[in-house]
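Please look over the sequence and the model shown here before reading the short report that follows.

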Amino acid sequence: MDLRLPSKVLEHILSFVDSNEDRNSVSLVCKSWFETERRTRKRVIVRNCYAVTPAAVARRFPEMKSLTLKGKPHFADYNLVPDGWGGYVWPWIEAMAAKCPSLEELRLKRMVVTDECLEKIAASFKDFKVLVLTSCEGFSTDGLAAIAVACRNLRELELRECIVEDIGGDWLSYFPETLTSLVSLDFSCLDSEVKLSDLERLLSRSPNLKSLKLNRAVSLDALGSLLRLAPQLVELGTGSFSDKLDQEAVAKLSQAFSELKELKSLSGLWDVLPEYIPLLYSVCPGLTSLNLSYATVQMSDLVELITRCSNLQKLWVMDLIEDKGLEVVASSCKELRELRVFPSGAGLDETNVAMTEQGLVYVSEACPNLESVLYFCVQFTNTAMVTIARNRPNLKCFRLCVMEPFAPDHKTQKPLDEGFKAIVERCKDLQRLSVSGLLTDKAFEYIGTHGKKLRMLSIAFAGDSDLMLHHLLSGCESLNKLEIRDCPFGDTALLENAAKLKTMRSLWMSSCCVSFGACKLLSQKMPKLNVEVIDEHPLETRPDSSPVERIYIYRTLAGPRLDMPEFVWTIHKNPEIGVSHLAIK
Amino acid sequence: MELDLDLTLSPHTNSSNFGFGFDLNKHLDTKEKRFETMLGLENTEEDFYVPKPCSFSLNGQPDEKDEDPLESDSSIAYDEEENCKVVGWPPIKSSMKKYLNYRHHSRNHPYHHHGRRINISNPAATIERVRPSKSSMYVKVKMDGVAITRKVDIKLFDSYESLTNSLITMFSQYQDCDREDTNFKFTFQGKEGDWLLQGDAPWKIFAESVHRISITRDCPCPYTRLLF
């Protein structure tokens, strides 16, 4: 009796399996399940573009409709990865154009995208619908024009914090009159002005437009007419909020805002003047997401806005909000899930610091759904962290950036070990953690012991010795991404825990004490890893004991990459190099 | 030695570039104390934290040369023109940094600012109705004998003289050379690698096309003085 499920039946069942994690499990069951799964997978996500070759991915998933790729390591966001390191999307587009011409969606993060790439996308994928580029670079507004003119069914074009060579605002005029399918447009990172009339015409023929994020060059005056053309918006990113408007214009703008009945998300607000804050009052009750990271107004103005946002789930704001303002957040925004507080630069030198650890304590006390925190603060205390952990054991993401490196608990002058201990001990579902301030060995011992669900960990200016890296690599079972800078971690822990690196996506270490010899040894021991030494000084003549500037280690099926610049070294460049005897304790 | 990082600080340690130039002196103090303790020097303060002894050097030997022990450990790279700022710290994305820089510079004299803070209590007064400056254009500057390449925002200057003076001031802080004695020579390189002469093109055009600057100096070094 043939007990196998007919493939048609299996296909039908799999059409209900959406999550890629589940699909990955399905593909491990047996060969026929692997085959059926791969032929039916529509959404492919490759979280390290060098972990696998484009050809292999294209071959495996011929019916791919959506591809998500991530390139550079996270610390590239903070300029720690030199220009030219890699992350080129071109080979992927080439491969997909050849094998998967029905590709509709491309989402890229931290990759180098050139105008040629954009032109090739426009030319190769007839039904292209979605292009989302996050923290990408390498292209100009000419490339955008190519996408605009050719993609007749374009639904989403989003440029999130990209570095674009801005040749001018003409690209917007390339959207054909026949394009009526736009759902989302985000050009907030561009500098130059687009023609208002082009934008107005585009909005008039886009009845499905739900998300619009303008750049700073769009004036407040223009905003009014745009909003009147798109009252159905669910997400709005305004342009500059600072022109001088006359009474009539203000009244009209206020009216336009009050027509936005569906608005859930508000951002932009560059240079917002306090007198215009009331314009936003009418949309506040409906907001679930508010991004005030560019709104440099004082606490009392911020508070006026926030008291009216009782349904807020996500708040990004500057430290100008101060402790008092966060107290208001705590009492007004009971649905809050995510809080990010960014530095304005105003607080670092003041003796009377208006935003301290107390602000976060208030929010942790009063917001039961708070699960994600990013908090920049000058200093912190252990007591505060213990309180926060006790209040919010449901935290999933805790990123604390004490801006003063090596800053101890400012009340007791002790290291912040106990505070972080409380966080990892109590928050059993913690998946992402960033530590800062004065930290000793103990802190990492605690993290290794308790951080069992921790997937991503970021460390800077911390620790005393190699033992701490050992605690992390041997203790954190779910560790997937580890990034470290300026810590005295060295060879021993790395080499002793080499096997662990195969279970992780990547490890980044910069300005640490890892020697060239250890890198060579690790490369030889672990052929399934790419051990990249990124160092702007030549390595060939280096003694084995000399420390390297940066290493980036990741597991890969693709072998050594073919696009390494001069300053990136892997053992494949000099396979004959021997490793001199290292005294490893 | 090329890789020597001179950790003496600029006079601007207490001022901040919109607050982010953290005081390296403060952090060195802490590390210095930890290092002293590590070396077994007496420390009678009971509640002062005493770290476990650890080894900074790779082979367990004390540094052969009589270097500042902190130097061998420190590989902090410096960037930015005014202060000893650490690359990528605090960790905020470049789009936000760019915006904060713009807000900071729009209310301060381009180079000789002393880190005036945003006046929180009266933002209307501090928000100047300045036309948003064009995005900064950072140009790499390499000085002879200095391992770290610096970057300056060319848009902050309005003449060759202001640029060269500022660059000389910036590098004089780190080198032993007497500014008066030294003969600085500037070479400017354009985007296509072509060499531009100082004063050849009007400033505006020069500012658009300069890509790299290199400085050589003819400095009567204290050691060479001894030879003659």
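How far does the backbone oxygen of Pro207(A) lie from a polar atom of the side chain of Gln232(A)?

## The surroundings of Gln232(A)

In this predicted model, the distance from the backbone oxygen of Pro207(A) to a polar atom of the Gln232(A) side chain is 3.5 Å. The backbone oxygen of Leu209(A) likewise lies 3.1 Å from a polar atom of that side chain of Gln232(A).

Gln232(A) itself sits in the loop that runs between helix H9 (220-229) and strand S10 (235-237) of chain A. When neighbours within four places in sequence are set aside, the residues in contact with Gln232(A) are Ser206(A), Pro207(A), Leu209(A), Lys210(A) and Glu262(A).

## The second largest cavity

By type, the lining of the second largest cavity contains six nonpolar, four polar and seven charged residues.

## Chain B as a whole

Chain B has seven helices and seven strands, and along the sequence these follow the pattern α-α-β-β-α-α-β-β-α-β-β-α-β-α. Of the contacts in chain B between residues at least 6 apart in sequence, 61% join residues at least 24 apart.

Of the 228 residues in chain B, 43% are buried, while the chain exposes about 13,200 Å², with carbon and sulfur atoms supplying 51% of that area.

Methods:
Residues are numbered from 1 along each chain as its sequence is written. Chains are lettered from A and ligands numbered from 1 in the order in which they are written. This is a predicted model: local features need pLDDT of at least 70, side-chain atom pairs count only at pLDDT 80 or more; totals for chains, interfaces and linings use all residues. Side-chain values use heavy atoms; hydrogens and water are left out. Ala, Val, Leu, Ile, Met, Phe, Trp, Tyr, Cys and Pro count as nonpolar, Asp, Glu, Lys and Arg as charged, and the others, Gly among them, as polar. Helices (H or I, at least four residues) and strands (E, at least two) are DSSP runs, numbered from the N terminus. A polar contact is a pair of N or O atoms within 3.5 Å; within protein, one must be able to donate a hydrogen and the other to accept it, and residues adjacent in sequence count only if both atoms are side-chain atoms. Contact means heavy atoms within 4.5 Å. Buried means under 20% relative accessible area, exposed over 50%, partly exposed in between (1.4 Å probe, protein chains only). Accessible areas come from the Shrake-Rupley method with a 1.4 Å probe; for residues, only the protein chains shown count as cover.
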